[in-house]
Amino acid sequence: MIDVRAVLAALPHFDRFRSVAELNALSERLRADPRFSVEVIGASPNGVPIYDIACGTGTVTALVVGFPHCKEPICSLTIAGLLHLLEHDAIDLVATGVEWHIIPCIDPDGALLNEGWSLEPVDMERYMRSFYVQPLTSQVDGSFPIDHKRLRWDQPSPEAQILKDLLDRLRPDFYYSLHNAWVGGAFYYFNRDMGPDCRDSLYALLDDEAFPLQRRPMWQGICEQYGEGIMETWSVRKHYDYLEPRMDAPERVFPFGNQSWDYLEQIKPEAVSMATELGYVLHPLDGSERDTGENLRRFKLRIDADSKYLASLLIEVWERVKDDVDQNNPIYAAVIGGGVIPTRENLNLGGRPMAMHPTEDLLFNSLYDRPMKEADRFQACMVEGGFWFLCHSYQLVRLLKASEQTPAIVQAIPRLEAAFDEALAGIAAHVDFDAFEAIPYDRLARVQLGSGLVALNAILEERSSDGG
């Protein structure tokens, strides 16, 4: 078994997230170490190598993947820390019968486009204005093949295809996809219930680190809850089945593909998949059970309406500038691929980009017809819509600033900047931005790595009790 506390005590100090260049340099340096096998398993569309670093032997194969979403850099600390421990012979990691496979960065092109904020001290406005994410159809976890009822997708992104090929080859026993949220305490997703001992160990780790548990994790009601803050992994299939009795044609909500963990479950049902979600910042409203005196449905619909207003402005501006923008800029694909500019038809039907809950669901789901807590208001403003939509849609402004400054673009930029300033002010009326508190980088590394080691211990214990 792994002594998680001892391992975490040996982690190096971190004062910032690590860059793609630093992770790649570390990968190349380990080539000279005979304890490691470093393989380039592919390259990004821009030619950046993607590495698989193997270390150790044993009956349990663990695959740890960094940057499955390009905007989630906590993994850079976890990867750098784990490789440091393996390089310096952390006995609990190299002598427990685990064959480690580590992909430092599966999406280097996307991660590079987020380094305008990820390599600086965490700041919410900088985050919004430097945020990048490609369309779901081009993301690693968003373009795996799926064939479910009326859902069909078989166009994996180049990076998803690289990861799919590795999953097919390794068929790992433990798959740790290093996702993270952007705000709030830790919460967990597993493809199956790992039992009370694993749950208690996770809670104990959070207590050790004085790290809050997120008691309102995303996808409640859609996914089974194994324990407080511990959920069944979300998937397109489960969400489709949830929406099917609640709306017509739920497939229009999912014009993209599957997730890597759902794919692994299909090819190796006994494998354990896990994600630890934790934010860069904390806010006192997140988790607050104080009553606001407002109806939750009414407030959600207000946030939805504000986002739709901004979406309508984006459509109008786009019609005027679309022939002038730089179509070779990678942000162009994000803008036209569904993550930024909605279609008039979808907006009319009640949808908008990045909405976790379609308007139809907000209108008629009985779960929202109740008094709103402060935590509900925070989630509606910052996570489920509102600010999250601003982050995605501001990519249009980034594209305009990076394009040739034609008269149409010059006119559009200040108009959009004013609209975003107004939208930010509207959210700030409900959420005090000055109250955000950045979480120390060392603590982020210990919680994400330590949580994975807790789950790995549960697998090792299962194997031991089974005589494996």
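Trainee: Where is the place of Phe67?
Mentor: Phe67 is in a loop between a strand and a helix, these being DSSP runs numbered from the N terminus (helices H or I, at least four residues; strands E, at least two). This is a predicted model, in which local features need pLDDT of at least 70 and side-chain atom pairs count only at pLDDT 80 or more, while totals for chains, interfaces and linings use all residues. Residues are numbered from 1 along each chain as its sequence is written, and side-chain values use heavy atoms, leaving out hydrogens and water. The elements on either side of Phe67 are strand S3 (60-65) and H3.

Trainee: What is the phi of Phe67?
Mentor: Most residues other than glycine have a negative phi. Phe67 is not a glycine, yet its phi is positive, at about 60°.

Trainee: Is Phe67 buried or exposed?
Mentor: Buried means under 20% relative accessible area, exposed over 50% and partly exposed in between (1.4 Å probe, protein chains only). The relative accessible area of Phe67 is 4%, so Phe67 is buried.

Trainee: What is the relative accessible area of Arg171?
Mentor: Arg171 is in the loop between helix H8 (158-170) and strand S7 (174-177), and its phi is positive too, near 45°. Arg171 is partly exposed, with a relative accessible area of 37%.

Trainee: How do H12 and H19 run, roughly parallel or roughly antiparallel?
Mentor: Helix H12 (residues 296-321) packs on helix H19 (residues 407-428) with the axes 10 Å apart and an angle of about 170°. Axes are lines fitted to C-alpha atoms, for helices over the stretch in contact, and angles run from 0 to 180 degrees between N-to-C directions. Under 35 degrees counts as roughly parallel, over 145 as roughly antiparallel, 65 to 115 as roughly perpendicular and the rest as oblique. H12 and H19 are therefore roughly antiparallel.

Trainee: Which residues of H19 meet H12?
Mentor: Contact means heavy atoms within 4.5 Å. From H12 come Leu310, Leu313, Leu314, Glu316, Val317, Arg320 and Val321. Their partners in H19 are Ala408, Ile409, Ala412, Arg415, Leu416, Ala419 and Phe420.
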